[in-house]
Amino acid sequence: MAFQGNKHKVFISLYYDEGRDFKKALIDWNEAHDHSLFDDDSVGENEIDDQDKTDEQVRRIIRKEYIKQSSVLLLLCGPKTKTRKFVDWELQAAMTDDPEDPNNKKCGILVINLPGSSNGVRAHTSEEKALVSGPSTAWHANKSRADYERDYPDLPSRIIDCFANNGCPIAIVDWDSVWGHFQNLFTLIDFAYQRRDELVYDTSAPLMGRNSTGQH
């Protein structure tokens with residue numbers, strides 16, 4: 001099957017207990033169609049020792065050794081994804097240019113809600129809305145951080161920061177809208193890539209030092 005559009009190098013971020021089967025499904029599909037869209041380089045639980053390292057040192061390790069030359073980060077988001085510190089580390093690294101390598105730029109980001117997630121969907125153009133929405137989707141504008149936290153309760157706080165403080169146009173789509181509809185996924189990844197240079201991420205929050213309970 002041939003897909004219409006540009007092919008990009010993608011890093012998949014996830015909490016393994018929630019997303020491993022979904023990531024495997026994407027990897028298997030990718031290999032079956034001979035498309036090199038996905039890198040199998042996500043940071044595993046306790047794989048990076050952050051003891052005696054600064055936030056910047058941790059970010060640079062992930063950027064240089066894991067995310068590498070990826071141009072889009074694909075976040076598989078379940079109910080507990082936001083509680084995992086290595087997901088936060090990956091997001092922060094993906095939101096930052098590598099100062100030592102001008103070709104290793106910040107990534108575009110696309111979020112896929114896994115089954116069980118309570119997040120809504122999000123889009124920024126009419127074409128993108130057609131790809132992420134169902135027939136009963138009601139679109140409305142979020143104005144405050146409380147609005148974003150209400151509509152995307154399972155989203156990592158670092159992305160909520162980018163919505164509330166910088167209005168970053170990061171799209172969010174449900175798994176059922178892309179699984180079996182791979183042209184949709186292919187196109188949404190391309191949209192994320194195309195807007196990455198114009199995105200102004202909020203990376204001011206310190207890296208998570210430990211996994212959280214997810215409770216407020």
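**Salt bridges and burial**

Author: Asp17 and Arg20 lie three residues apart in helix α1 (residues 16-32), so about one helical turn separates them. The model is a predicted one.

Reader: Why is the pair Asp17 and Arg20 called a salt bridge?

Author: The closest N and O atoms of Asp17 and Arg20 are 3.4 Å apart. The cut-off is within 4 Å, so the pair qualifies.

Reader: What makes Asp17 exposed or buried?

Author: Asp17 has 53% relative accessibility. Exposed means over 50%, so Asp17 counts as exposed. Arg20, at 44%, is partly exposed.

Reader: How do you know that Lys24 forms a salt bridge with Asp28?

Author: Their closest N and O atoms are 2.7 Å apart, and the limit is 4 Å. Lys24 and Asp28 are four residues apart in helix α1, so about one helical turn lies between them. Asp28 is partly exposed, at 36% relative accessibility.

Reader: Which parts of the chain does the pair Asp88 and Arg158 link?

Author: Asp88 is in helix α3 and Arg158 in helix α6, 70 residues apart, so the pair links distant parts of the chain. The closest N and O atoms of this salt bridge are 2.7 Å apart.

Reader: Why are Asp88 and Arg158 called buried?

Author: Asp88 has a relative accessible area of 5%, and Arg158 has 1%. Buried means under 20%, so both residues qualify.

Reader: How many salt bridges does the structure hold?

Author: Eight. Among the residues involved, Arg145, Glu149 and Asp161 are joined into one network by salt bridges that share partners.

Note on methods. Residues are numbered from 1 along each chain as its sequence is written. This is a predicted model: local features need pLDDT of at least 70, side-chain atom pairs count only at pLDDT 80 or more; totals for chains, interfaces and linings use all residues. Side-chain values use heavy atoms; hydrogens and water are left out. A salt bridge is a side-chain nitrogen of Lys or Arg within 4 Å of a carboxyl oxygen of Asp or Glu. Helices (H or I, at least four residues) and strands (E, at least two) are DSSP runs, numbered from the N terminus. Buried means under 20% relative accessible area, exposed over 50%, partly exposed in between (1.4 Å probe, protein chains only).
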